[in-house]
Structures are given as C-alpha cells and as structure tokens.
Amino acid sequence: MAFIGFSTGALMLGNFQEALRLLEGTSMTAVELSALRLPELPILVGALPKLDLGKFNYISFHAPSRFSAGEEDGVIELLRQVPEGWPIVVHPDTIHEADKWAEFGNQLAIENMDRRKHEGRSADELCHWFEQLPNARLCLDLAHAHQCDRTMTEAFRILSNFGDRVCQLHISELDSTGHHFPLSYGSIQAFMEIASLIPADAPAILESLNPLQEEEDEQQQDWIEREANRACAALGRCEVRREMPISPMQVPLSPASVLA
Amino acid sequence: MELILGCHWKNIEEARQKAETTLEQLSKIIEGMPSADTSVIVHGSLARYECTQGSDLDWTFLVDGEANAGVQETFIEIKKALSKESIFKELGLKPPGEEGTFGALAFSQPIILFIGGEEDSNSNTTRRVLLLLEALPIGERRVAFDRVRKNILKRYIDEDRRLLQKRQNVESRRWVPLFLLNDFARYWRTMAVDFAYKQFDRGNDGYALRNIKLGLSRKLLFASGLLACFWCDPIISKNENQEPSKQSLINCLDTFLSLTPLERIALFFTTHLNISESKLLRETAKELFCSYDEFLGLLNDSDKRNRLKKLRQDEEESARSSRRRGRREKSFARPFRICF
C-alpha cells in the first residue's frame with residue numbers, strides 16, 4: 001500500500017513543528033521534513049531526536065535548495081545526522097562536487113527540476129547526474145515534469161529511463177514562474193496519463209501550498225484530506241479516509257467523484 | 001546508407017556541410033536576442049540540411065509563453081538582423097518567400113489549438129505541419145520549439161479515436177495515427193494546389209523550378225511524414241519495446257521527426273536492410289538517393305538553376321519527354337511507391 005503525505009514546507013513554510021501538529025489530526029502516513037532554506041537546516045536537524053514521528057510509515061528529508069560551494073561541506077555534515085532509512089531529497093543544481101555526495105549512496109534522491117533551472121529537467125539531463133552518483137535514487141516531481149512538458153512525454157522518458165530508481169513522488173501544480181499550487185483538473189488529468197508507469201508503492205509527498213494557513217485546524221485538515229484524495233485520483237490509487245487507518249475496504253475513486 | 005549501398009552522394013554531402021556552416025553563422029547573428037519561451041526556427045532547405053545556391057532563408061519567431069507585448073520589439077530586432085543584405089550576400093541565401101508565412105512572428109496557441117475548422121488558415125496549417133516535418137531551431141533557445149512540437153503531436157494522438165486500442169476479437173491494435181496522417185496528406189494536397197495558385201498569381205515566373213521542387217523535395221517531405229506515421233507501428237520500425245501508450249507514440253514521433261527527411265527515409269532502409277538483405281530494397285534505396293543527389297546538384301549549379309527558373313511552361317513541357325528532369329522525377333517517385 002502506497003503512503004501519502006505532505007511536505008512540511010508546503011503546509012507551513014519555515015515552521016515544521018506546526019506542520020507536524022497539523023498532520024497529527026489527519027490520515028496522512030508520510031511526511032517530508034523540509035529544510036529548503038539553508039538557515040532552517042541546523043534547526044531541523046537539531047530537532048530530529050525530539051520529534052514524534054511515530055504516526056508516519058514513510059519519512060524523508062529535503063535538503064536546502066540553495067547553498068554555495070563553500071557551504072557544501074557544512075550541509076553534508078548536517079545531513080549525515082539524518083537517519084539512514086530516510087531518503088534525502090536534493091536538487092541537482094545545488095550539488096557543487098558530486099563526489100562529496102557519493103557517501104549517501106541510495107539514501108540520496110535526486111529531484112527532477114523545473115524550467116527555472118538549467119539542469120536536471122529532462123531524462124537526458126538526469127542521466128548526467130546518475131552517472132556521477134550511480135547509487136542515487138529519484139524523487140520524481142510530477143509538477144516539475146508537467147511544467148517542463150505539458151504533454152508529459154518528458155515524464156514518460158524519465159520514467160522509462162529511471163523508473164526503477166523512483167523512491168518517492170512530489171505532487172502539486174506549478175505555474176510558469178515556478179510557484180506551487182494545489183492540484184487543478186488539468187494537472188490531475190495530465191498526471192493520470194502516466195500514472196500506470198509510476199511504481200505503485202512509491203510514497204507520494206504533496207507540495208501543494210496550503211491556502212488556509214491562517215484558518216482553524218479543522219478547515220486546514222479537511223483541505224489536507226481533500227488534496228490528498230485529489231492526488232490519489234491523479235495516481236489512480238485508493239482514497240485516504242480520515243476516520244480510519246488505510247484498510248482493504250478502500251475503493252479507487254473516479255476523478256469525477258473527487259472533483260465534484 | 002552510403003556504406004551499405006557502396007555509394008557516395010557528393011551533392012547531398014556538400015549541401016549538408018553548407019547547411020551546417022550557414023546554421024552556425026545564423027545562430028551567431030541572433031545570439032542573445034530571443035528571450036525565454038521563444039525560439040527562432042528555420043524551415044526549408046536549411047532545416048533539411050540541404051543548403052544550395054540560392055536557398056531561401058525561411059524563418060519564424062515562435063512565441064510560447066505568457067502574454068508579453070515586449071516580444072514585438074524582440075521580433076523587430078531579429079528581423080533586422082536576419083534581413084541584412086550582407087547575410088544574403090555572404091551566406092548565399094535569399095529572403096523569405098513572398099507569401100508572408102515566413103519572416104514572421106507566430107504564437108503557439110493558434111498553431112496548437114486550431115487544427116481544422118475556420119481558424120485553421122493556410123498559414124496556420126503550413127506553420128503547424130512544417131513545425132513537425134521541416135523545422136530547426138537556431139541559437140540556444142530551443143525549449144519553446146520542443147514544447148510546441150510535442151504539444152502539436154499530443155493533439156493528434158489524443159484525438160485519434162481508437163488509436164492503440166485492440167479491436168474486438170482481434171489481437172492487433174492500430175498504431176498508425178490517422179488524424180496526423182490525414183493532416184500530412186491534406187498539407188501535401190495544399191502544396192499541390194498552391195503550386196497551381198502560384199502559377200495563376202505569378203505566371204511563368206519560376207514555374208519550372210517550383211515544379212521540380214514539388215516533384216522532389218516537397219514529395220520527399222510528404223513521404224517522410226507518411227513514413228513517420230507508419231514508423232509508430234513496431235512492425236515497421238522493428239522496435240519490440242514500443243509501448244502502447246500515448247506518450248510512447250509522441251516520443252517515437254518526436255524522435256523520428258527530429259531527423260531530416262532524407263535521414264528518415266535512410267533510417268527505414270537501413271533498419272530493414274540490416275534485418276534481411278533484399279535486392280529490391282537495396283536498388284530502390286539507391287535509385288531514390290541517387291535521384292535526389294542529382295537534384296541537389298542541379299539546384300547548386302547556378303547556371304542550370306537560373307535556366308530552370310526562366311523556363312516557360314510551354315518550353316518545359318515540350319522538352320520534358322526527352323529530358324533528364326522527367327526521368328529524375330520518375331526515378332524519385334517510383335521508390336516511394338515501392339516503399340509504401
């Protein structure tokens with residue numbers, strides 16, 4: 001059974017504690033602890049031993065999306081404290097010296113990039129990175145792939161070449177300037193076209209920006225469940241139910257019923 | 001192909017080298033001008049890598065991005081740069097054709113959205129089909145071109161009913177995209193009808209040259225497009241790994257159409273000759289490529305080209321029965337009939 005959850009950065013930018021608290025009252029079984037901004041990294045790594053993450057069957061860690069060559073060693077040293085079983089998602093354009101990242105082996109998950117970046121966007125560009133880090137896995141970002149090629153042919157190429165490396169998915173919608181949004185009908189339809197190629201057990205991490213960050217917990221949690229169900233529809237997976245844990249009673253939903 | 005057949009096609013090789021040099025020069029000329037979400041695309045003999053004396057510089061400034069009136073300024077700068085007399089002199093090129101389809105700004109949305117119907121004008125159809133069959137981005141900005149091309153292909157694949165579906169009680173499925181094939185055929189008919197239109201509009205001016213181009217380079221373009229459609233079928237492409245999915249077909253078409261028309265035909269012959277030796281295929285390939293090599297040789301000879309350009313219709317027809325041109329066109333048409 002595939003796990004589904006959210007990136008803490010998407011739920012509450014810069015406040016992973018609050019994001020985790022919000023997820024407590026949901027049926028989410030996966031979480032990505034996000035330290036997208038460099039100053040967040042030491043704080044999040046420092047807090048790891050004290051976090052109550054027992055609810056989650058799948059946990060991953062997102063490395064900062066920007067740091068200099070001079071800061072690279074410091075970042076790697078902090079990331080060594082991430083438990084070995086948690087994939088570390090990294091943007092290939094942040095890697096200055098690939099050799100230094102080889103020690104992470106298959107814990108490293110290279111993420112395909114969006115149009116703002118100059119590399120790692122396509123199957124051909126990712127090939128270069130997997131040649132340098134042959135044990136690394138892939139975090140397949142469907143929104144990035146969709147933004148680069150609305151026909152999803154590049155996503156098809158990435159999956160054809162590297163489908164066996166997929167360790168998790170990122171799901172959201174991306175506009176032309178690279179900002180994350182909740183899923184729309186168009187993106188759901190697009191993701192459905194290649195859903196059959198995606199490993200069925202790949203955990204799905206939503207990066208849809210929470211539009212209700214100032215609202216009551218219950219409203220936000222309802223939105224989390226709805227958005228997760230939209231993601232499940234896009235992937236052709238069973239819906240998540242808030243009241244009970246995932247069970248064999250769950251049925252696949254049609255997009256029409258989810259979007260109604 | 002040359003190795004397999006033991007031939008050397010000097011004119012094809014020269015035309016390719018000239019095209020490579022010219023494309024490199026053009027890329028330098030527009031360096032730094034196109035912005036993100038735009039591509040400068042060449043068509044015609046340059047895109048086919050068949051540059052000869054007096055090849056046209058047919059180009060389009062393709063825009064595929066959010067609304068931005070600033071593209072007009074960029075287009076004007078690019079047009080100025082590509083319209084300089086010095087370019088035409090130094091590179092041996094001619095300005096874009098009279099019809100106004102080229103040397104122009106084109107937005108992706110009408111090209112992708114209007115297939116068939118009132119809005120699908122002659123220009124729109126031409127731009128769309130040439131983006132698939134005969135187009136090459138110059139300079140560094142090619143993302144817009146790649147994107148638009150894949151989106152065009154997706155339209156044809158998405159809306160082709162029963163494509164890839166297994167028929168009732170039959171194991172096989174249809175792989176050939178008929179919607180796309182029909183539009184290629186429609187474009188071929190358009191070229192043929194436009195030939196008559198140009199005769200009406202321009203009289204004898206350039207008649208014989210247009211005629212020979214219709215029978216050879218235009219026909220090659222159409223035939224290579226047809227072949228692209230059939231290449232989707234794993235029996236034709238000999239690709240056992242071809243998946244029955246839309247993105248797989250788009251990928252297949254995108255890759256195949258990235259080749260020049262001659263390369264597409266060559267791939268067909270080399271694929272099938274590598275699998276089983278066939279005297280018929282071998283001779284057919286030889287006939288086709290030798291005819292085309294001769295054709296390019298003629299175009300590259302300025303005397304012969306100018307004589308052809310000035311030849312009147314009545315003169316051309318009276319000479320046809322005993323002239324090499326007629327034989328060349330027949331030698332070119334026959335191999336395609338055998339292939340298909």
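Biologist: In this predicted model, what describes the packing of helix 8 and helix 12 of chain B?

Modeller: Helix 8 spans residues 143-158 of chain B and helix 12 spans residues 246-257 of chain B. They pack at an angle of about 130°, with their axes 10 Å apart.

Biologist: Why are helix 8 of chain B and helix 12 of chain B called oblique to each other?

Modeller: Set the angle against the cut-offs. Roughly perpendicular covers 65 to 115 degrees, and roughly antiparallel starts over 145. The angle here is about 130°. Helix 8 of chain B and helix 12 of chain B are therefore oblique.

Biologist: What is the hand of the crossing of these two helices?

Modeller: The crossing of helix 8 and helix 12 of chain B is right-handed.

Biologist: Which residues make the contact?

Modeller: Helix 8 of chain B brings Arg149(B), Lys150(B), Leu153(B), Lys154(B), Ile157(B) and Asp158(B). Helix 12 of chain B brings Lys246(B), Leu249(B), Ile250(B), Leu253(B) and Asp254(B). By class, this contact has 5 nonpolar, no polar and 6 charged residues.

Biologist: What else does helix 8 of chain B lie across?

Modeller: Helix 8 of chain B lies across strand 1, strand 3 (59-63) and strand 6 of chain B. Helix 8 runs at about 80° to strand 1 of chain B.

Biologist: What kind of sheet do the strands of chain B form?

Modeller: An open one, with 4 strands in the order 5-3-1-6 and mixed pairing. Neighbouring strands of this sheet are turned by 40° against each other on average, direction ignored.

Biologist: What makes strand 5 and strand 6 of chain B edge strands?

Modeller: Strand 5 (104-107) and strand 6 (136-138) of chain B each pair on one side only. On its paired side, strand 6 of chain B meets strand 1 (residues 38-42) of chain B. Those two pair in the antiparallel sense over 3 bridges. Val40(B) stands opposite Ile138(B) there.

Biologist: Why is Ser27(B) called partly exposed?

Modeller: Ser27(B) has 15 other C-beta atoms within 10 Å. Buried needs 20 or more, and exposed needs 12 or fewer. The count for Ser27(B) falls in between, so Ser27(B) is partly exposed.

Biologist: Where is Ser27(B) found, and what is Ser27(B) in contact with?

Modeller: Ser27(B) is in helix 2 (residues 10-29) of chain B. Leaving aside neighbours within four places in sequence, Ser27(B) is in contact with Ile138(B) and Gly139(B). Ser27(B) and Val40(B) are 13 residues apart in sequence and 9.1 Å apart in space, C-alpha to C-alpha.

Biologist: Why is Asn124(B) called partly exposed?

Modeller: Asn124(B) has 17 other C-beta atoms within 10 Å. That is between the limits of 12 and 20, so Asn124(B) is partly exposed. Asn124(B) is found in helix 7 (residues 122-133) of chain B. Leaving aside neighbours within four places in sequence, Asn124(B) is in contact with Pro110(B), Ile111(B) and Phe114(B).

Biologist: Now chain A. What makes its sheet a barrel?

Modeller: The sheet closes: 8 strands of chain A join in the order 1-2-3-4-5-6-7-10. The pairing is parallel. Neighbouring strands of this sheet are turned by 30° against each other on average, direction ignored.

Biologist: How do you know that strand 5 of chain A pairs with strand 4 and strand 6 of chain A?

Modeller: A pair needs at least two bridges. Strand 4 (residues 88-90) and strand 5 of chain A have 3 and run parallel. Strand 5 and strand 6 (residues 137-141) of chain A also have 3 bridges and run parallel. Val89(A) stands opposite Ala109(A), and the bridge partner of Ala109(A) in strand 6 of chain A is Arg137(A).

Biologist: Which way do the residues of strand 5 of chain A point?

Modeller: Leu108(A) and Ile110(A) point one way from strand 5 (residues 108-111) of chain A. Ala109(A) and Glu111(A) point the other way, and all are buried.

Biologist: What joins strand 7 to strand 10 of chain A?

Modeller: 3 bridges join strand 7 (residues 166-171) to strand 10 (residues 204-206) of chain A, and the two run parallel. His170(A) has Ile205(A) as its bridge partner.

Biologist: How many residues does each chain give to the contact between chain A and chain B?

Modeller: Chain A gives 10 residues and chain B gives 11. On the side of chain A, helix 8 (153-162) and helix 9 (185-194) give two or more residues. Helix 8 of chain A gives the most, with 3 residues. By class, the side of chain A has 3 nonpolar, 3 polar and 4 charged residues.

Terms used:
Residues are numbered from 1 along each chain as its sequence is written. Chains are lettered from A and ligands numbered from 1 in the order in which they are written. This is a predicted model: local features need pLDDT of at least 70, side-chain atom pairs count only at pLDDT 80 or more; totals for chains, interfaces and linings use all residues. Axes are lines fitted to C-alpha atoms, for helices over the stretch in contact, and angles run from 0 to 180 degrees between N-to-C directions. Angles under 35 degrees count as roughly parallel, over 145 as roughly antiparallel, 65 to 115 as roughly perpendicular and the rest as oblique. A crossing is left-handed if the near helix is turned anticlockwise from the far one by less than a right angle, and right-handed if clockwise. Two residues are in contact if their C-beta atoms, placed from the backbone, lie within 7 Å. Ala, Val, Leu, Ile, Met, Phe, Trp, Tyr, Cys and Pro count as nonpolar, Asp, Glu, Lys and Arg as charged, and the others, Gly among them, as polar.
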